[in-house]
Amino acid sequence: MDPVDLTPEALEKKKKKDEKAREKELKKQKAAQKAEAAKLQAQKVSSAPESGKKKNTKREVEVENPEDYNDPETPLGDKKRLSRQMAKTYKPSAVENSWYEWWEKSNFFVADPDSSKPPFVIVLPPPNVTGALHIGHALTAAIQDTIIRWRRMSGYNTLWVPGMDHAGIATQVVVEKKLMREMKLTRHDVGRENFVAEVWKWKNEYGGTILRQLRRLGASLDWSRECFTMDEKRSLAVTEAFVRLHKDGVIYRDLRLVNWDCVLRTAISDIEVDYIDIKERTPLRVPGYEKLVEFGVLTSFAYPLEEGLGEIIVATTRVETMLGDTAIAVHPDDARYSHLHGKFAIHPFNGRKLPIVCDAVLVDMNFGTGAVKITPAHDPNDFEVGKRHNLEFINIFTDDGKINSNGGAEFAGMPRFEARVALTEALKKKGLYKGDKNNEMRLGICSRSNDVVEPLIKPQWYVNCKNMAREALDAVIDSTNPKMEIIPKQYVAEWKRWLENIRDWCISRQLWWGHRVPAWYAVLKDDELKELGVYNDHWVVARNEEEAKEKASRIFAGKTFDLYQDPDVLDTWFSSGLFPLSVLGWPDDTKDLRAFYSTSVLETGHDILFFWVARMVMLGMKLGGDVPFGKVYLHPMIRDAHGRKMSKSLGNVIDPLEVINGIELKGLHKRLEEGNLDQKELETAKEGQTKDFPDGIPECGSDALRFALVSYTAQSDKINLDIQRVVGYRQWCNKLWNAIRFAMTKLGEDYIPPEEIIPATLPFSCKWILSALNKAISKTVVSLDSYEFSDAATAVYSWWQFQLCDVFIEVIKPYFAGNDPAYASERKHAQDTLWLCLDNGLRLLHPFMPFVTEELWQRLPSKKDFVRKESIVISEYPSAVESWNNDVVELEMDMIESVVKSLRSLRSQLAPNERYERRAAFVVCRTDDACHIIKKHELEVSTLATLSSLDVLSEKDDAPVGCILDVVNESLSTFLKLKGIVNVEAELEKLNKKMEELQKQCDGLKKKRSAPAYQEKVPVHIREVDEAKLASLLQELLSFKEAREHLERENRET
């Protein structure tokens, strides 16, 4: 047909086809020119002198010398000596070697109290001197080191203070067991002075392992300020705090109920009591008893009443305590007992008269018999009843849990749970036993000794917490002037609950290891009773014995007396409560105290919010004049991958060093065998390990473990730690390693970074990666600043993984293929941008992964005449550069990536043996903008999608045939050329499924918009978003329909 016979539409279509043909021809010519240039280059190389060939061969042999890939030995504390060539794969043990010793020796972690930089201070929660590194410590170290390294690089005068807690009970138990194991002696056999000397000996030899292990994690602590809660300075601080608080009336001595451990023979804190829930009659093993002891049993028995009034029945789970009963309580409104008001019951074993008292607070008349036995000296509720009714308090137990003389000759000397059985039998003989039944209960167990906790009345030293608690509460909840922030905010409610219901704090312990109570008891010559502590007004609190004598001489002027120091020690939590003050030199007015108090943030587990955090705040405000820290960040508790609490008996306890260094399954089993599990527990634990770690744990390194732990912190109040995730980050370290290896080959040995980079002059991909880097920097900094550590880790990871490695490094490869002169400019820009990305990216990542980033950063070339910082540790943290932002470029790259993703998805549908072949592809664009962008970036799409050719078509062009297709969005569709015939039926099925999904979304949005109150209640901006989204979905649906019609038409034509 002659052109003049064509319609205008047909002419236009022909014109476009001709233009397309010319474009194709031009492309072919360009490709031919490039191929010719490459051929000439190859000829030049092949015609080079023979000596050059030999020289090159020699160089290749040198490169393959295995020694070139191994790091030379580095003397301890020297800067690490790196191998001539980068190892071909990442090995954590090689990379993480030597750096820490150099950092420490170079004083990179030491804070300067005279510095003009703003201070940023963290006090490490002091781990127990007995402790070994566990996964909780690793989480603490990972988070805190991330914060400190970031702040140090951001220009702060950072101080992270390491310390150790003397751990009174825990340490005493360890050394007592050692004495028994090695010498068959108890602490009482060797005496107090010798025992304390033995503990110090153990501490100096074995204690503090955990602090050495923290170095393996890369924790950048200021070791020059390392302290111990019982060293001289901290001990002076404890004494001073006690004396001041006693002088202010905050510390006092009183007779009250305490949690008593009969094995350790000491009062213990609430945090050292674990509770087990017992549903029914349950026999348990109790230390010191050969036979199992029954719990979960409610025993009923009768007390005879005076005046022949009959009997009154009571019930208890602790029959033995009836020896200390001093009353029976009933409800004042209970008509059953109204005739007994003011009467007495008679104790069947000692004849003591027990008053019948009315108490509406304690007694529930609808529970049991409505009568309750009262043992004021051995039950917290009964203690309060005893005070309300002025009852007698009778202690029936010795310190080691035997019945004392108050229990009567028949039972005196019996261990308490043997007395339980004996009393039950005695009640039966007297006809007073009324039976027993199953009873659900909570049983308190000491976490240190596994002994059943006994409430016992003892004279102890107490801290009156009421006023201090009010101030600590206001510091957080005062809406006008809050001094402290708790993160996450959900724990503010718990803070409020604890402090509003606070009880006075028992701070004395009947131990030998710890800070001796700085109080002396004066026994006067004319005192009737000479026992220690009988007269409460005979106590003298002082800093030392000399001061105590001086005070006592004034108080007891003209009287003869002897002074005896209180044998008790202070609760470990008292000294650790002073830690933010004492580590900085308080009570002395030191440079450190002036420069670094208050500290910046406390990071710890939410389980000790009250036991430690609240006490630090109370003592800090009282003695230091301000809150000890401005923020409290509470990290989650770590569980295993199945959400179970970590337990030795389950075999799911994870040792961080085993994750760092790797361990075989038999090594995990050996650790269990060396523990103290019984045979059944051992078998269960081994089964658990075999199931979770069938091949053991591979070597992951500190960096991967740290990154995994930090990235897990978004998981509410619990972390379900899966080791496979750590392994995944170890593999990611290998990707970083390979990215730098690639870069070093492309930069070359003589590469010198430019003084500055002007984004406007860069190729598209370089502009894009810098803009993406800018966003990653901003997101990371904002997230770190708001303690969203998981978000910060994700921002860094995503940029490295999905933008730098997956896109940028791939998309610039054509610039380096064959040294094509046509790409000379792009190649130089790509080199400069790559260097800039690696330099910034490694510094961005450093706080999370200190070892691998230091090693890789040290290999990067430096700018000419520029003195780079000696270490990445003290380099500057990246900050966003305004000129790098380029939203237009990022939007274009989003379109490119969506096309590439679609083409890769099509490729994945091919037969396995065809997936890696380069294929021809087509992109059909439905808008001019999309057409322009994709045409402009054909090279990027072809490179990322591994294509042999790419044609960009408009919707007016004939659709390609012999292809599988996908709809990217309302503007774009992709086609991938097949070798054989398209399976139209299968392709139509895929399209129909996608169309069904789209139709559901459209219907849902239409339904939402047609709701009666939509126009009135939904804000305008949301209605606009919905409208745009619906239009987009409808357009995309139309694109799918066109694709379906194309396939059906192609099917008919074939």
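Student: How many bridges join strand 10 to strand 16?
Tutor: There are five bridges between strand 10, residues 297–304, and strand 16, and the two run antiparallel. Bear in mind that this is a predicted model.

Student: Which residue of strand 16 does Ser 300 stand opposite?
Tutor: Ser 300 faces Gly 435 there. Phe 301 stands opposite Tyr 433, also in strand 16.

Student: And what is the bridge partner of Phe 301 in strand 11?
Tutor: In strand 11 that partner is Val 314. Strand 10 and strand 11 are joined by six bridges and run antiparallel.

Student: What holds paired strands together in general?
Tutor: Strands of a sheet pair through backbone hydrogen bonds, in either a parallel or an antiparallel way.

Student: OK, so what order do the strands have in this sheet?
Tutor: The order is 11-10-16, in an open sheet of three strands with antiparallel pairing. Strand 11 (311–316) and strand 16 (433–438) are the edge strands, each pairing on one side only. From one strand to the next, the twist averages 20 degrees.

Student: Why is strand 10 called largely enclosed?
Tutor: Seven of its eight residues are buried, so the rest of the structure largely encloses strand 10. Buried here means under 20% relative accessible area.

Student: What about the hairpin of strand 10 and strand 11: how many residues lie between the strands?
Tutor: Six residues lie between them, and in this hairpin Glu 307 takes a positive phi near 60 degrees.

Student: Switching topic. Is strand 18 mostly covered or mostly uncovered?
Tutor: Strand 18, residues 454–463, is mostly covered, with nine of its ten residues buried.

Student: Which strands is it joined to?
Tutor: Strand 5, residues 251–261, is joined to strand 18 by ten bridges, and they run antiparallel. In that pair, Leu 255 stands opposite Pro 459. Strand 18 is also joined to strand 20, residues 505–506, by two bridges, again antiparallel. There, Val 463 stands opposite Trp 505.

Student: Last one, helix 28. How far apart are its end C-alpha atoms?
Tutor: They are 31 Å apart. Helix 28 covers residues 824–845, and at 1.5 Å a residue its 22 residues should span 32 Å, so the two values agree.

Student: Is helix 28 largely enclosed or largely open?
Tutor: Helix 28 is largely enclosed by the rest of the structure, because 18 of its 22 residues are buried.

Technical notes:
Residues are numbered from 1 along each chain as its sequence is written. This is a predicted model: local features need pLDDT of at least 70, side-chain atom pairs count only at pLDDT 80 or more; totals for chains, interfaces and linings use all residues. Side-chain values use heavy atoms; hydrogens and water are left out. Two strands pair if DSSP finds at least two bridges between them. Helices (H or I, at least four residues) and strands (E, at least two) are DSSP runs, numbered from the N terminus. Axes are lines fitted to C-alpha atoms, for helices over the stretch in contact, and angles run from 0 to 180 degrees between N-to-C directions. The expected span of a helix is 1.5 Å times one less than its number of residues. Buried means under 20% relative accessible area, exposed over 50%, partly exposed in between (1.4 Å probe, protein chains only).
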